[in-house]
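Hello,

Here is the structure for your files. My notes on it follow below.

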Amino acid sequence: MKKRVILFSLVFFNLLQFVSGNDGLYPQIINIQNREQISLNGLWRTIVDPLEDGYYDYRLEPKKEGYFKDIDYSNNRTFLQEYNFETEKTLYVPGDWNTQRPQLYYYEGTVWYRKHFDYTPKTNKRAFLYFGAVNYEGIVYLNGEKIGQHIGGFTPFNIEVTGLLKQGKNSLVVKADNKRKAEAVPTVNTDWWNFGGITRHVYLVETPNTFIRDYYIQLDKANPKELFGWIQIDGAQSSQQVNIDIPELKINKTINTNAQGYAELRIPAKNLVLWTPENPKLYEINLLLNGERISDQIGFRTISTQGTDILLNGKKVFLRGVCIHEETAGNSARAVNESDALTLLNWAKEMGCNFVRLAHYPHNENMVRAAERMGLMVWSEIPVYWTIHWNNPATYANAESQLVDMITRDKNRANVVIWSVANETPLSDERLNFLSRLVDKTREMDNTRLVAAAMEKEEIRPGVMTVHDPLSEKIDLISFNQYVGWYDGTWEKCDRVNWQFDVKKPVFISEFGGGALIGHHGDRNHYFTEEYQEELYIRTINMLERIPGLSGTTPWILKDFRSSRRHVPDIQDEFNRKGLISDKGERKKAFYIMQKWYFDMIQRSK
Ligand code: GCB
């Protein structure tokens, strides 16, 4: 990259931050788990503040003083203090507040979180606060001063705090606010629970003054015998040497960064074992700068399309998938840990999957990394969901900033094969313009993967379905959601429907299915019985097998999940019941239908 381009990207980063509502953030530092870090997870004191009172304390001058000052007057009996973190209730971080405290189950608004921690500033070290995610808006205060603000509930952010941390006790306050807003991404209406809080891990990360902040190491699609990419170091005033070491491949190469800390790399790689679902091979990669090492596990593969086929490493592959929300098995809270990820992903494996659609927002890094080790390919998505404000430049900047953060975090993961820019967005010129810009941005950042969106189907004549969406010209798949037999007729309609497509691209059904309450048995014509759902899956699969160019499917959805639009008492009880597995982990009858279909496919391909 030339100097001008680098300057442009920095200006662009700041501009994007500003328009999207972000403030004070530092460009993302990737691979956080393999850096020196101090955990700030655990119990935080919390003040629930529906009236947004905490912005100022009326007893103090100037008026801008507020809860974030974290002042403790409890020893001063003559001062009337109307808040006190010290004696407040706690919430666990990472986690949502809705499932931790019954009074907060429906709460949408502000909670002030406070953590004290000890620190000893070190010379020759820089320090950054890292938040895996705060839903939806996080405003961060250190020792009483605002240091940053982030918008978007599912992407990481960091703030440099070198020189701001004190010797001894430090006070960290986060105002987490999950109020829904019309112009936000997502907008006010979704079909998942609006879990609030500091929902992902928080760390204090220490780095050398000059450190490797970001890197991209992939297999070249055009020449799969070569690794290519770049390294971005941070804090250097002059050119530096970075050593790349991949012991198993006997690769050891030193490259020089330019004055902006950037270096491109291109390395021939012989005898590479490619990453596949059957053999999810990862290589240890060590990057060395001034004796400091950062390590990662990276796999290499290519993903492409040819006509109506999807090719993994040049070979046709059918994406046997399932959609997943980021919710724990058992109590349906926001999933955060690796063990949560392993339970969900093992269920997907049990069903015969080689692929998961992580709906409808970027899931936590544990999920993507665990899937990579288990041989599950991933569709990763931003929450551009249903009808958002297509004409609002701030809404666009917000969506783009979430996209950029998602790609930045996960661009080295071999299993991520599809970036998705949207879900079920009704057609209009403004929407096409908005989504096309997101597609272009995706390709500009990463041209090694496929780009998709979950589009919508159309019935052009009775029984003839297609997708007539100009977006299908821009993206790599004809990917769409369809609910024939649930929202569109009953299951017998599946027998009468045929599909045709004008565009010759791989067809991918990103959602289908219907609801059933576990243990609710009865006539297969009755909604919400396991028998209805089972019959719907049998008929849907017959219909899918008649689709020309079908290259993958992700039924909706692996597990029942919380949704405040699902009100039928004793059936839904605020759960979307389209899970193939109940919220308590019991397999429904339809689970075994999908499992058989996928395992038969595996057998046939042998
Ligand atoms: C959809 C949405 C998904 C919903 C699902 C449903 O089309 O993409 O978020 O949960 O339908 O159950 O209605």
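Is Asn 124 buried or exposed? Asn 124 is exposed, with a relative accessible area of 59%; buried means under 20% relative accessible area, exposed over 50% and partly exposed in between, with a 1.4 Å probe and protein chains only.

Two points on the source. This is a predicted model, in which local features need pLDDT of at least 70 and side-chain atom pairs count only at pLDDT 80 or more, while totals for chains, interfaces and linings use all residues. Residues are numbered from 1 along each chain as its sequence is written, and side-chain values use heavy atoms, with hydrogens and water left out.

Backbone

Asn 124 sits in the loop between strand 4 (110-119) and strand 5. Helices (H or I, at least four residues) and strands (E, at least two) are DSSP runs, numbered from the N terminus. The phi of Asn 124 is near 65 degrees, which is positive in a residue other than glycine. Lys 250, also not a glycine, has a positive phi of about 55 degrees. Lys 250 belongs to the loop between strand 13 (241-246) and strand 14 (251-256), and counts as exposed at 77% relative accessibility.

There are cis peptide bonds to check as well. One runs from Asn 135 to Tyr 136, with omega near 0 degrees; Tyr 136 is in the loop between strand 5 (125-131) and strand 6 (137-142). Another runs from Trp 556 to Ile 557, with omega near 20 degrees, and Ile 557 lies in the loop between strand 32 (550-553) and strand 33 (561-562).

Ligand

The ligand is surrounded by 14 residues, the closest being Asp 191, Tyr 385, Glu 424, Tyr 487 and Lys 578; a residue is near a molecule or strand if one of its heavy atoms lies within 4 Å of it. By type, this shell divides into five nonpolar, four polar and five charged residues. Here Ala, Val, Leu, Ile, Met, Phe, Trp, Tyr, Cys and Pro count as nonpolar, Asp, Glu, Lys and Arg as charged, and the others, Gly among them, as polar.

A polar contact is a pair of N or O atoms within 3.5 Å; within protein, one must be able to donate a hydrogen and the other to accept it, and residues adjacent in sequence count only if both atoms are side-chain atoms. The pairs to ligand oxygen atoms are as follows:

- His 360: a polar side-chain atom at 2.6 Å.
- Tyr 487: a polar side-chain atom at 2.5 Å.
- Lys 578: a polar side-chain atom at 2.5 Å.

The ligand exposes 320 Å² when taken alone, and the protein buries 97% of that. These accessible areas come from the Shrake-Rupley method with a 1.4 Å probe; for residues, only the protein chains shown count as cover.

Arg 334 lies in the loop between strand 22 (323-324) and helix 2 (338-350), and is buried at a relative accessible area of 6%. Its side chain makes a polar contact of 3.3 Å with that of Tyr 361. Neighbours within four places in sequence aside, Arg 334 is in contact (heavy atoms within 4.5 Å) with residues including Asp 96, Phe 154, Trp 192, Trp 193 and Glu 326.

Ala 454 is in strand 26 (residues 450-456) and is buried, with a relative accessible area of 2%. Not counting residues up to four places away in sequence, Ala 454 touches Arg 357, Trp 379 and Glu 424, among others.

Helix 3

Eight of the 10 residues of helix 3 (residues 365-374) are buried, so this helix is largely enclosed by the rest of the structure. Among the buried ones are Glu 365, Arg 369 and Glu 372. Asn 364 caps the N-terminal end of helix 3, with a side-chain oxygen 3.1 Å from the backbone nitrogen of Asn 366. Just after the helix, Gly 375 takes a positive phi of about 80 degrees.

Cysteines

The structure holds zero disulfides, a disulfide being a pair of cysteine sulfur atoms within 2.5 Å. For Cys 323, the nearest cysteine sulfur is that of Cys 353, 9.9 Å away. Cys 323 is buried, with a relative accessible area of 0%. For Cys 494, the nearest cysteine sulfur is that of Cys 323, 17 Å away. Cys 494 is buried too, with a relative accessible area of 0%.

Regards
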